[in-house]
Amino acid sequence: MNHRPWYAYHAQYGFIRWFLTYEREKLAGLVLAENCPKMVAWAGRCQERGSVAKALADPDKVFQVAQFLRSKFGDK
């Protein structure tokens, strides 16, 4: 078990649901499963916890919001 402070994990929870968007948008050629396998595994374990899964937004909805923001504000 890592000896990271608990708040380091909580700060990362919000990014879990953005992983799908990062990969679909191919931001900087990022493939999380290849580049960050430990983080992807950790995200999978987090999503298995009911309390965490309920608290986070649906990844498809996050992707839709990202697409809307991109269409509204564009790539600048």
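Predicted model: local features only at pLDDT ≥ 70, side-chain atom pairs only at ≥ 80, totals over all residues.

Reader: What share of the contacts with a separation of 6 or more joins residues 24 or more positions apart in the protein chain?

Author: Contact means heavy atoms within 4.5 Å. In the protein chain, 67% of the contacts with a separation of 6 or more are between residues 24 or more positions apart. Residues are numbered from 1 along each chain as its sequence is written, and side-chain values use heavy atoms, with hydrogens and water left out.

Reader: Where is confidence lowest, and where is it highest?

Author: The score to read is pLDDT, the predictor's confidence in each residue, from 0 to 100. The protein chain averages 77, and 79% of the residues score at least 70. Helix α1 (residues 6-16) has the lowest mean, 68, while helix α6 (residues 59-73) has the highest, 87.

Reader: How many helices and strands are there?

Author: Helices (H or I, at least four residues) and strands (E, at least two) are DSSP runs, numbered from the N terminus. The protein chain has 6 helices and 0 strands, in the order α-α-α-α-α-α from the N terminus.

Reader: Which residues of α4 are buried?

Author: Buried means under 20% relative accessible area, exposed over 50%, and partly exposed in between (1.4 Å probe, protein chains only). W42, A43 and C46 are the buried residues in α4. Seen down the axis of α4, they fall within an arc of 105 degrees, so they line one face of the helix. The arc is that of the directions from the helix axis to the C-beta atoms.

Reader: Why can residues a few places apart point the same way?

Author: An α-helix has 3.6 residues a turn, so residues three or four places apart point the same way.

Reader: Which residues of α6 are buried?

Author: P59, V62, F63 and A66 are buried in α6. They cover an arc of only 100 degrees around the axis, which puts them on the same side of α6. What covers these buried residues includes α2 (19-25). The face of α6 turned away from its buried side carries the exposed residues K61, Q64, S71 and K72. Just after α6, G74 takes a positive phi of about 70 degrees.

Reader: Which residues form the largest nonpolar core?

Author: A nonpolar core is a set of buried Ala, Val, Leu, Ile, Met, Phe, Trp, Tyr and Cys residues joined through side-chain atoms within 4.5 Å. The largest one here has 9 residues: Y13, I16, F19, L32, W42, A43, C46, V52 and L56. Both α1 and α4 supply at least two residues of this core, and α4 gives the most, with 3 residues.

Reader: Why does A43 count as buried?

Author: A43 counts as buried because its relative accessibility is 2%. Leaving aside neighbours within four places in sequence, A43 is in contact with I16 and F19. On the same terms, L32 is in contact with F19, Y22, E23, P37 and V40.
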